[in-house]
Amino acid sequence: MRIDIVTIFPEAFTPLQVSLLGRAREAGRLQIKVRDLREFTTDRHRQVDDAPYGGGAGMVMKPEPFFEAVDAIRAASPNTTPRIILTSPQGVALTHALAQELARENHLVLLSGHYEGIDERVRETLATDEISIGDYVLTGGELPAMVIVDAVARFVPGVVGDAASVEADSFSEGLLDYPHYTRPAEYRGMPVPPVLLSGDHESIRRWRQAQRLRRTLERRPDLLKAEALGDEDRRLLDELDVEED
Ligand code: 9D3
């Protein structure tokens, strides 16, 4: 997959060079190119923003550099039809399902916003998607762009070593994860739940599933409502003593 990121803060994207995504890039699974929006300005001051028509506080990002940047990206990849994603507090929320959908594309362009807003013509006629990462206010679209890249890249074959762990992850089945333990069997008076030491794989599987249901019920009941529970899950949920722990 090829990903182009257009930003006024290219240096903010160094985390994408390291860790898991850095290795995926080296292995050739991901081609990520960060481009400085100012390179697509033509004026002496390399101006990317201007005062809002109609007045008001703050600055608005100008349309021309974004259109020029996308033209250049399209010219450099004439055989792909990229999704053009604008990061924005007004966007649709990023979800597991949306990340999975984007991972099936072969080319993404992320337009990372800053300042109070972006000229509406960018979202109307340049962007194909407008995405938010959640209901909280950040100072810019740089972290959201990196979050989108990370969430999408996990689903690109060969980026995460273990395909099973990508599939088994929380949200793919609509439930939170179960608790994990490793040695020692008791630490500072805190024992590991005995069932995990029993060697009884069926009991362990049922305990883990009950824990997933309990946690989801307590912390994210919104997820449980969406989930169509099977017979066993409904039985495990009935048996849960939600008072304890
Ligand atoms: C104080 C300015 N706000 C007035 C209503 C608008 C505003 C503009 C730009 C608020 C935040 C930002 C910067 N944030 C993003 O560009 C952004 C974002 C976010 O803040 N939260 C969650 N997802 C995203 S995606 C882009």
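## A walk through the chain

Gln211 touches Tyr178 and Pro179, once residues up to four places away in sequence are set aside. That is a handy place to begin a tour of this structure, which is a predicted model. Gln211 sits in helix H7, which covers residues 201–219. With a relative accessibility of 13%, Gln211 counts as buried, because the cut-off for that label is under 20%.

Is Thr216 buried or exposed? Its relative accessible area is 0%, so Thr216 is buried. Leaving out neighbours within four places in sequence, the contacts of Thr216 include Gly174, Leu175 and Leu176 on one stretch of numbering, and Pro221, Leu223 and Leu224 on another.

Now step back to the whole chain. Its secondary structure comes to nine helices and ten strands. How does the radius of gyration compare with the globule rule? The chain has a radius of gyration of 23 Å, while the rule gives 18 Å for 245 residues; the chain value is well over that, so the chain is more spread out than a compact globule. Along the principal axes, the C-alpha trace spans about 70 × 45 × 40 Å.

Of the 245 residues in the chain, 40% are buried. The chain exposes about 14500 Å², and 50% of that area is supplied by carbon and sulfur atoms. Contacts can be sorted by sequence separation too: among those between residues at least 6 apart in sequence, 75% join residues at least 24 apart.

Gly91 lies in strand S5, and, leaving aside neighbours within four places in sequence, Gly91 is in contact with Glu130, Ile131 and Ser132. At 19% relative accessibility, Gly91 falls under the 20% cut-off and therefore counts as buried. Thr42 gives another reference point for Gly91: the two are 49 residues apart in sequence, with 29 Å between their C-alpha atoms.

Pro89 is found in strand S5 as well. At 74% relative accessibility, Pro89 is over the 50% cut-off, so Pro89 counts as exposed. Pro89 and Ile131 are 42 residues apart in sequence, yet their C-alpha atoms are 7.5 Å apart in space.

Most residues other than glycine have a negative phi, and most peptide bonds are trans.

One is Arg46, whose phi is near 50 degrees, a positive value in a residue other than glycine. Arg46 is found in the loop between strand S2 (31–36) and strand S3 (49–50). With a relative accessibility of 38%, Arg46 counts as partly exposed.

Another is Tyr115, a non-glycine residue that likewise has a positive phi, near 65 degrees. Its place is in the loop between strand S6 (107–111) and S7. Tyr115 is partly exposed, at a relative accessible area of 34%.

The remaining place is a peptide bond. Going from Arg183 to Pro184, the bond is cis, with omega near 5 degrees. Pro184 has its place in the loop between helix H6 (163–167) and strand S9 (186–187).

How values were computed:
Residues are numbered from 1 along each chain as its sequence is written. This is a predicted model: local features need pLDDT of at least 70, side-chain atom pairs count only at pLDDT 80 or more; totals for chains, interfaces and linings use all residues. Side-chain values use heavy atoms; hydrogens and water are left out. Helices (H or I, at least four residues) and strands (E, at least two) are DSSP runs, numbered from the N terminus. Buried means under 20% relative accessible area, exposed over 50%, partly exposed in between (1.4 Å probe, protein chains only). The radius of gyration is taken over C-alpha atoms; the globule rule is 2.2 Å times the number of residues to the power 0.38. Contact means heavy atoms within 4.5 Å. Accessible areas come from the Shrake-Rupley method with a 1.4 Å probe; for residues, only the protein chains shown count as cover.
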